[in-house]
Structures are given as C-alpha cells and as structure tokens.
Amino acid sequence: MHTSPPPALGRVVVVGAGMVAHRLVAGLLDRAPGDGWHVTVVGDEPWVPYDRVHLSELLTADRTPADLALEPGVWEDPRTTLITGDAVDKLDRDAQTVTTRSGVVLPYDQLVLATGSWAWTPRTEGTDLPGVFRYRTLTDLDELRDWVADRSAVLGRPLRGAVVGGGVLGLEAAAALQHLGASATVVEFADHLMNVQLDAGGGEALRVLVDGLGIDVRTMTGCTGLAAADDGAVATMRLSTDDEIPADVVVFSTGVRPRDRLARESGLAIGERGGVVIGASCRTSDPAIWAIGECASFEGECTGLVAPGNAMADVVVDRLLGGPRLYTPAPEGTKLKGVGIDAASFGDVLALTPGALEVTFTDPVARTYRKLVVSDDARTLLGGVFVGDAALYPQLRPMLGRPLGADPSAFLAPEGGAPEPGADLPDDVVVCSCTNVTAGTVREAVTEHGCTTVGEVKACTKAGTVCGSCVPVVTKIVNAQLEASGIEVSRAMCEHFAMPRAELYALVAAGALRTFSEIVAAHGTGRGCAVCKPVVASILSSLRAGHVLEREHAGLQDTNDHVMANLQKDGTYSVIPRVPGGEITPEKLVALGEVAAEFGLYTRITGAQRIGMFGARIDQLPAIWQRLIDAGFESGQAYGKSLRAVKSCVGSAWCRFGVRDSVGMGILLENRYRGLRTPHKFKVGVSGCARECAEARGKDVGVIATAGGWNVYVGGNGGANPRHADLLAEDLTDEALVAVIDRFLALYVRRGDRLQRTAPFVAEYPGGIEALRAVVVDDSEGIATELEADIAAHVDDYRDEWAAALEDPDKLDRFTAFVNAPGSHDPDLRYTPLRGQVRPAEPGEVAHHDPRVARTLTLEVTR
Amino acid sequence: MTATARSTDVCALDALVPERGAAALVDGVQVALFRLADDTVLAVQNRDPFAGANVVARGIVGSLGDTPTVTSPMHKQVWDLRTGECLDTGGKTPKDASPDLATWRVDVRDGRVVVAPR
C-alpha cells in the first residue's frame, strides 16, 4: 500500500549524526506515514550515532563503542540512509542541495541542521602538541586512551595528567585519566569547580571531595602555555600563577561553541553569541531549514544538554508532519556522573530571583553541602544545590516552581541523634538506598514516633517500601531499638499467630493438622492474613498435606503459588519451566521458542540458567503449560518459596579442566529437591572444579568437585546481601553428599524463620557453623534419620504441580479472567515494543493489546 | 447513563471459592468478588490503585481484628473488604487519586450472586 506523503515531508536531509539527529529519525519512523519519504543523515564522525552523554564510560566502565550506539535498528529501515565519516561542506539554499566533502550532492525538501557543538580551546601556545586532547567525541576518547597506554610505556612510568576546565566534563575527564592509571590536576579559571552549575559554597564542597579522590584542584588558575619534551610530546604546563606543572597528557575541557559555519556561509540568521537562530517551531530564517540541538540558538541561547535537543527534535518531527508543536525550554538540572562524587543542581542556583531566600546546610564531617533556593515567602522551590549527597536531587527537582509543602530546612537537616546502645550501624548509614533512609531515621521511628513493628516503621519512614531488600536490616535495627527502649519484641508472626514459624511448624507436625481452619482453631485467632497464610501453606506443603491447589489450601496461597506462575507488574505472569542443571536439548529449545512466539511472550534467559517467558495472561496459563508439558517440561517453581534452580558449569563431560560431572550432579540434585517447600526460596550450584564457574558458593547450597569427591557449602547468597557459603563437609561421595544436603534442607524446613534465607539461617544458627555441622554431619542430636526420611518422603510424593492441575478441571476454574465472562480477558493489558519484543506500556505510549502486534510497532517519540 | 441501581446476576455462589477472590465484569467494570468463610460475598474494584493493574481479586483474604481484608498481591497494601478503605498503604502513594477501593452492593439470592452499584 502506498500513501502519498504530506506536502511537508519528502526528501529530508539531516546534517549531523549525533543524539538529536537519531531522535529525529526515530521520531519520523514512528510517526510518519509508511512510504513516500526518505531521510538521509550525514555525520562527519565515523560512527553510527552514539550516546555522548555516557561517553566517559568508554574509559571508566569498559564499555565499547557498540555499547554506546543509539538503537541502530533505525538505520536498517529502507526509508533511512546514514552517511558517516563525510561532513556536509556546502549548502545551496536556492538549489535546495547540500554537498558533502567527498562530493556527494543531496537534494532536499526539508533540511535539518543538527551539527552540535565543537570543543573550544583557548589560543594558548602548545595546544597542538602530541598528547593534548579534547573530550567530546568517541575518537577523542579512543586517542586519549591509546596515548596514555603508549606514552606511559615510552616513559616507563605512570603519566601525570592535567585537565584544563573544572566543569562537569573536565571532572569526568580527570576521573577517566585516573582510571587509565594517570594522575590528574584540574586547572579552573573560575573561583570554583562546576562554576556554571554550582554556587561558591557547593563548588568548595566539591573541591574538598575531588581533592579526596587524589585529584589536584587549582581554581582561579589559567593555563598559559604548554611545553614539549625533547621528543616533541607535551611535557609541562605553565600556569597563570607562574607555576609549572608536569603534564604528559593534557585534556582541554573549556566549553563548547555551536557549529554554525554552514548556516553562516549560506546566510541564515545567526545568534549574537553564535548558533542558528530558530523560533519556537525550530524553523530557521529559511522556511525549508530547521535547526535542533546545540547548534540552534533559541531566544539568544544555545543549549549544552541533550534533553532540550531531544525536545527540539520532537518539535521538528511534529512540524514536518503538519503538527502545531512548539518548543518551550524546560528548566533543566545537571548531575555530575562517572566521577564517584554526588554533585547536582537545578533552577536558580545563585538565588538571582528578586527576594529569593537561600537555606543552606553544610556538614563538614559528612562532607555534604545542600542548599535550597525558595521564594521570598519560603514556600515555592526555585532551585537547589547538592554536593556530597545528591539523594534529594531527584526528589526535589520535579518540585521546581511548586510549593514545597514544608519548612525548607526540614528537607536539608540530617535526622541525626546520638548512637543508641546495642545497635550496630551508625545513624548516618543509609539502610534503604531506594528511599535514602538512614539507620538513624529507622531508630527515630521507634523512639520518636512510637512505632513498635517493622510494618509501622516502614509506613513511617518509607524504608523498605521500594525494592524491599533492606527489610531484614531494618528489622534488626528496629528489634534492637525496641529492646534498648525496654519494649518487648514480639515474636509473633502476625496478629493471628503468636509464635514464629519454626514453632508453628513443630506444632502442626506434632498435631498432624491438615488444614488452615484446624491450625488457626488450635493455635491462632481470626481468619489469617497475607503474612501467616502463605506460611501455613508452606508448612502444610512441606508436611505433604496435598497439592498446593487442593480446595482447602487454595485460599492460603499467594497468587504466585495459586496460579503457579510469577506475578508481573501489569498483572500478567512469567512462565519458567524447569531446566535441570541448565542442560536442555535443541528440540526443547525449539519448543520453548514456538510457545513464546505463539503467545507473544517476552523471552529472556534468567539468571538461573533457565528461559523465562513473560506476559502470560492468567487465562492463557493452562494452554501454555499444556504445550510445555507435551514438550516434556515441568514446573520450575520459579514462583515458590522452594528450590529455584541448580546452576552448574559444563563439568568433566566437556570441559578440559573439569574434575567431575557437575551437570549430572546438578540434574540429580534438582530432580531430588524440586517442589520442596522451604521457609524461603533456595538455590543450589554445582561446580565441576575449583575454578567455581557455577558460582556455587554464592548459593544456599554450593557443591564443588575436588579430587577426593565433593565439598559442600551452605548459607551463600547473592542479591542485596552477598555472602559466601560456609564449608560444611569435604570430599564426600555422591551418596554422602546427597545425605548431607538432605539433612541440611530438612533442618532448614523445620527450624528456619518465615522468609528467612539460608544465609541468615546459617549465620545466626545458635553456635554457628560448628553447631550446624555437628547436627547435620555428625548427628549430634540423633535426628539425621528423621531428617533424611523427611526428604525421602518428599521425593516419593513429588508430582509435577502443573501436570496435576491440568488433569483436574476443578483446579482450572481459577484460570478464568472473569467468573461471569469465561472467554474474555483483561482489556486493560497493553504492550509497547522493546528491542524487538514487548513490555507493558505506560499511559501515553504507543501500544497494542496483542503483544504479537505490539512488537512490530515503532518506538514512541515523546518521553 | 445515570447510576440507577441496576443489578447484575454474576454467578452462582458455588462458583466462588471461600476466602479466595474472583474477578467479574459488571457493566464493563472489573469487580473483585470475595466469598468469606460465612458465605457473605463482598465486592470491591479489581484495579489496585497503587499498582495500576487489575489484580485485587488475586490477593489473600484475611482479617484484621473483626474486619475482613484483602491484601494486594502486588505490593501488599491491605484494604477493608466492607468499605474499600485502605488500612495499610505500606508507605506507598497510590498511582490513582485515592488509595481506597470502590465497593459494590452484593446480594446472595437463591444461591446466585447479584451485584449492584452503591
């Protein structure tokens, strides 16, 4: 089908291939009609458009140019042409053509100038010496890296580097020099660092922190010249203070100027301070020519940030398609990155607004500087400066121009307070990094706000409410504080059960209780809650009281256990079949691919050597699982507090270093413990030699092959609180290994607390690992036979939950989306494309209800 | 359309599992139905105002004192099933305007569950 293009479009030529050019092309592909137009992008750099904002990561984070490339898929579209390594040299506005350096003539209907900036360098003697660099392009950084390596080889010592310019980029360059092994001196002409973004107080606080990194900072100092060594390469820098400093490598980061030569030469209007003049439509003085990004001058100003450039690109896309969009500069903030120091600011940093008030908090001990600028009535936020701790920046920047809603000093003052006896962490340690809550704030929730439970503390402080990984730490602090305050720490699981999990487990086992009603009647009160019900379900399952979906157990289960899949953010589920030991046949891989494609599921390799398929609607789960079971799969319990996966390395079957068959042992263990319900999830790893490629010591149970047999480690963890597993027993035979793991897991099932992983279970085991070893290995309590019998019964009783569910129509009722409309499904589910697949769409994004259609849509334009 | 008390016969009481939710479509709105242990049926909105997803029916049913409750399967907010009031926000701010859930009137007549706007 051919649609005729709107009159505005046609042949679009973009001069410059930076970030905003990419944004423009992506926008056109997304919004312009299917056919009848073409966009050609010409850039002088030899790369596809890349993420210049994160350029430093090339040097500091071992990223490659390919990592930095902006979504290169747009260049595969037949409606786009990308010319790299060839700059536009001439613009003929009458003929509506541009000519490149290599002589290519490109006619245009619409021309977009996106030429960006160039790195300005003062006209100082010696700036052309070998070893002197700019810090703007991939090529600049590539050459800088090579120079540091080669030159230090020649000199036989680490290089002494100097950076001219103490702005954001200059500091990034200094950090990069250090990362490359050179020292760094930063020379800044102004009286403080980041003088465009920070006030003097913030700049001084930043200097102290930068100094602490071992970077020498010299403010109110200029570079007056560079001198060469005997071999012609740069060797020293002369300063305006008449000092001379060694400089084997020099980086100039002294600001940028708009690249407007083409526009000047062709007679377009140029701003007073340079840049192509544009109006709010981003059109230049020639109606067929637009300018976006750093080369454009809007109201006399050129921007140096990417966000306004992106906004301009969006305006031009809209205008080219006949839209009414206008560019309005949004207030932007700046945050220092890649240096390891927090420094950020936004708004009216210098309090230039008439009547503006400054509220400043300086802590020379914590080395933080925080300032808020507010209106004369102290109500409206006008700006902020944060150095040393920029956690407030993302919280407050969105409130620019709005009422603060509280005394400004309340935002800045630390929560403080003297350390409480009996507590481990100092008050100023941030325990919840998502919400930036300190240990002191948590304690204060107990002492000042009367909180007596972790739940109340979470509600009071917000700690632990985002990712939840700090809840165990918060719990410890709260309990310690409650004890210190003379408040009895409740051991109750919740209001319905007054005892912890391990005690309830013993009571249920001793009483041979089989249902929640029996258990709550005997040992609890009320009708349970989301805390105790899943615990009871887990205990009943560990004691083999029937399928997790038996009618009387169904109401106890978390939705994950209830539908045997893992709930995702939009209410759909992930499906992760078991792949024992990570070994999978090609046929099974094909089957997974077919199922995922048929149901439009987002697919990725999980961290546990399995394949995860995301976006399954509740009503699709039985059909998906029928297909998987037919292909030989079974439930992977990726949703349960149970064995997740046994990770293995390839082992002696193939590996030239392998000592034992780690995959074989991994499969054996996975098939033994699959489906076992435990106080929390658990993971196992098996490595075929001491190289430990399976990272087994980061698992709850780690097995490592030795010349003499298997070593077994317990209580390891990755995640938020990494812990290496402790050695439990050495040089075991296969049978002895299984026996030890059986006993350990059975003990964990009996004695672990609710949602307690094995890492704290082992770390806090009374008497430590020695006591645990005595019970598990040496059978000091005489329960080894019982413990092994627990696991043996589990193995005998194991049945794939999904296979069992699919055979029972009663159990399938729960997979209908609506009890009164069995054929329909949640109409609010919508998907947007993501790297060739889909993710749940946010409001306003390009989206479709069918993920198989959504993945073919083009990307959204606006953020 | 005015909010006249138009009632909808949704399903048989037996189609609901005690202390487990089920979603239903009532006049195009997603409603979460809960059959309590005493066979009372309560109805609240299925959209979780914190998560912005239609999942309330999949939460765990319980009690807080004498109040029947449901807990979000997404981030564990707790609501009073009778009034829809949010009893525990978990310290979060809802995406929607209110943390509370809308409620519907439910009558169980002759073993049928009938839902009507309040």
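I began with a definition: two strands pair if DSSP finds at least two bridges between them. Helices (H or I, at least four residues) and strands (E, at least two) are DSSP runs, numbered from the N terminus.

I noted that this is a predicted model, where local features need pLDDT of at least 70, side-chain atom pairs count only at pLDDT 80 or more, and totals for chains, interfaces and linings use all residues. Residues are numbered from 1 along each chain as its sequence is written, while chains are lettered from A and ligands numbered from 1 in the order in which they are written.

**Sheet in chain A**

I traced an open sheet of 5 strands in chain A, in the order β33-β34-β35-β36-β37, with mixed pairing. Its edge strands are β33 (643-648) and β37 (726-732), each pairing on one side only.

I then looked at one pair. In chain A, β34 (682-687) and β35 (701-706) run parallel, over 4 bridges. Gly685(A) sits opposite Gly702(A) in β35(A).

**Confidence**

I checked pLDDT, the predictor's confidence in each residue, from 0 to 100. Chain A averages 88, and 95% of its residues score at least 70. Over residues 415-423 of chain A, the pLDDT is below 50.

**Where chains A and B touch**

I looked up the contact (C-beta atoms, placed from the backbone, within 7 Å). Chain B gives 31 residues and chain A gives 26. On the chain B side, the elements giving two or more residues include β1 (8-12) and β2 (21-26). That side has 18 nonpolar, 8 polar and 5 charged residues. Here Ala, Val, Leu, Ile, Met, Phe, Trp, Tyr, Cys and Pro count as nonpolar, Asp, Glu, Lys and Arg as charged, and the others, Gly among them, as polar.

Key:
Contact = placed C-beta atoms within 7 Å.
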